[in-house]
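Subject: Structure for you to look at

Hello,

I am passing on the structure we talked about, with some notes on what came out of it. Please have it open while you read.

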Amino acid sequence: MSIFNNITVIRRGILFLSLLAAFGLRAWDLGTQSIWIDEGLSIWDAQKSTIELLATHAQWDIHPPLYYLVLHFWVNVAGSSEFAVRFFSVASGVLTVPLVYWLVRLLQRRAAVEAHAVSRLLATLPPLLVAVSPFLVFTSQDARMYGLLTMLGVLATGALWKAIEATPSFTAHHAARWSLYAVAVAAMAYTHYFTAFILAFHGIFLLLTTRHYRSRIYPWMLSLGGAAVLYIPWWQSAWTQATRLIEIPDVWPGVLSARDVLARIVVSLVSGSGADGAQAVPMLAAAAFVVVGMVLAARGAGGVLPSRAALLVILYVVVPEAMFFAALYIIPKFVERYAVIAVPGLMLMLGFGAQGWGWLAARRRLAAGYVLIGLVALLMVGISVDETLQVYSAPGYAKDDTRGVAEYISSRAEAGDVIVLMMDTSVSFRYYYKKDTPISGIDPVRNVDYLADRLEAALEGKQRLWLVLYKADWADPSRFVRDYLEDTFDSVPIEHKFHGFELKLYRLDPSEHYDVSTSPEIRRRADFGDQIEILGNSHIPASATAGDSIPLLFYWRLPRLTDDDLLVSLRLRRGSMTYWAKDRRPTAYGYPTFYWPAKEMVVGRLPLEIPPGTPPGQYAVELALYSVEDKRNLDLLGLDRAPSGTWIDLGTVEVARPSKPADLHALGLDRSTGRQLTSALALLGSEIGGSSVQPGQTLPLTLRWLATATPADDYRVLLSMTDGNGQVHRLYEGAPVQGEYPMQAWRAGELVNDRYNLVVPAGVAPGEASLYLSLVPPSIPAGAPLDSAPSTILLGKLQVTSRTHITEPASPPQYPVGARVGEFARLVGYDLSGDTAVAGGSLKITLQWQSAGPADANYKVFVHLLDGQEHVRSQQDNQPDRDRAPTSGWVAGEYISDVYQLDLPAGLPAGRYQLEVGMYDPQTGARQSIATASGEPIGDRLLLRPVTVTAR
């Protein structure tokens, strides 16, 4: 007996130390960090009258009122300092420790644990882990309801177990147990709506143990009914709050990565806000060790834990976190503290797992096993303590530095200042800011007109504006406010950084009235695929200099909510050559289209960049949109909803060369590594657009020239390729920059980007090929042997791959044609997926070509669906075989199967439609002529069978 008495003393000592540690860790440094936005709301609510508090929550908030009511009475006694308002959460966290021990004792009451001294001692491990848990310590230092919610979850779970383990006969004592459960559940429901996760875990447990607890189902449901009766005063408000939660601006209908979120949930159960998803794998491995220990605890002879109790503990963790994970796909808003309700269950799992291994060591009488279990328990506590110490200083746990921002502004504020709080943090900000400087709060709304009105009102008659952004990309997702202020006013440098905030200061002219325009300078209306509309943009400058970056504003609107991540492709083009292109989201990166509201204007800024070295001349600025998923540009729809291309012309810009030579070092170019090809010309570098190519495909190439002096002659550029068989192929011979910028016009020190789209001839043999550059003086005639060029250099090597050439048709086409297209192709026939199609569906057309030899260009095939007025209602244009069989790579006699799928608009009227096909040069737009098999001209298109479209 003495050993058991000693164990009892040690156990009580550990429990006392656990309580002491729980209080010390939670109270330590309690008032050091700033009140952050949510804590400010807690204080603001708590300082109201009881009636006003309840009315505010019912009408405007998204949380039930119990925590705020308790805090209301608490601050009336203890005050509203940082320490005082957080101390109630400290009390809830400390009380969770004895409640967890109480639950441990309840779960082990019917187990033969008394026979194992080590198991008795390890029963104190779960409350000890709760005491030192970094997640629970962090939550207990926050003036929010999550500490109270966690404590009530343990109380409700213990009350449930106590009630179902009692004899099923109805007695007053038994009724009291179920009443305790009902009160605990009602208190949870009045604290947070995540109560549903705990109730689901209780219900699933009873469902899985129906065979044993069948007679307890009815009392449980009756008890829930009692909790519902206690909750009647809040039912209507709860429904209103649930609706508001989905609609509030800070919750956007987006897409979350299942893998990342699962990893964050796993790690946050241990670490809380300091979670690092990379820790998920070792934690899952540790979880496997724990689960095995729990199995040993539940199945061992004599046992240390009933199997039903083990199931309860596992469900305590799994069910709430699984429901949390599922809820993220309804309201995608991940915050680590939402996982806190399952932490006590995890600590129970860790404790019982250690007990199971301890039972095994006792049964086998393995002294080493005792040592191992002791080390594991110390390791568990040690890891928690180590992480808990990070709560006070690590960035992952740091609260937003509201105090720092307020004190910085307060010490520098002047008469005529105004403070604009983006993401209205006025409650927490005013907690610290006591001056009478005007403060204007702007919520993170997505209505541009509202933002403009609020900003205009704040600027009126002011000399300086302090812009306080709380989580800047959340407060100003499209950067509308930040971009306007940066474009309009001079900014004053801010020397300090503040956690959670971005602070800016601007000088204003108090005599001027500022009109924050929400109208585009150039109005236009273009519909891209019925998915997104452009309403206008800022002016394209008439002229620019190579090296400039020009900010352009674009005005967008979604006709309906979308799940697509749409990207803008903006390009600078001259003739057939694109000199610059960039793909990005239409507005700020953190504000993708699947976050946008429907039918509201969204303003985004995109830079038009004129790369250094861009040759002088006039360039077209063009724009297209596409979805990240399918990569195909969206069709531009005309007023008749018919496709009319994919690129929209925004205007032209005249590019001039810079007044002084480019800074090669700033551009990452090294003059010393360049090749001096003549006394006046150096090649600084070259970029080959790919490491492999097949015959007939286009190979992009950029040559970066530096004129070390003004060239005396206009040299020709000769580009050639030597294939794997040693055969040489001329790819291009002519003036650089397609003859549009003669070399003799280049100035000393000028950088010139020279771009080419080289078509690889059909006769290039597969294998490794070498690409060469030669500079040919005008004294050597065009077409002269390659070895006559005075300077030839190797640009690089690449792999030429082969394409299978089919010389026999796979099968006769469904509809034979035999028409000749140009001088290089014959349309043998085509197959249709059917003579009828449904609006909103698709129509598949398979063309069968036969080649007469390679073409002089890479032509595109067009397949159009025409209505009765010859308007294009659906189309697909691409090179044959989805760009895999370019016409310049065709071999005489080969057959090419070419598949097209026309997506039919959902609103396409029912009726008969005509299909037309043909080929055109994408550089010039010129179509190839078409003739019958006997040579009789048909025109530049071929009409196929009509198809019938029916309504959906």
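A word of caution before the notes: this is a predicted model.

I begin with the five-stranded sheet. In strand 12, Met601 is the bridge partner of Arg557. That contact belongs to the pairing of strand 9 (residues 549–557) with strand 12, where the two run antiparallel and are joined by nine bridges. Both strands are part of an open sheet of five strands, ordered 12-9-7-6-14, with antiparallel pairing. Its edges are strand 12 (601–609) and strand 14 (636–637), each of which pairs on one side only.

Next is strand 28 (residues 842–851). Eight of its ten residues are buried, so the rest of the structure largely encloses this strand. Strand 28 runs antiparallel to strand 26 (residues 825–832), and seven bridges join them. Here Leu847 in strand 28 is the bridge partner of Tyr830. Strand 28 is also joined to strand 31 (residues 895–903), by nine bridges and again in an antiparallel arrangement. On that side, Ile845 stands opposite Tyr900 of strand 31.

Last, helix 11 (residues 195–208). How far apart are its end C-alpha atoms? They are 20 Å apart, which agrees with the 20 Å that 14 residues should span at 1.5 Å a residue.

Regards

Conventions
Residues numbered from 1 in each chain as written. Predicted model: local features only at pLDDT ≥ 70, side-chain atom pairs only at ≥ 80, totals over all residues. Heavy atoms only, no water. Helix = DSSP H or I, 4+ residues; strand = E, 2+ residues; numbered from the N terminus. Expected span 1.5 Å × (residues − 1). Pairing = 2+ DSSP bridges. Buried < 20%, exposed > 50% of the residue type's maximum accessible area, 1.4 Å probe, protein only.
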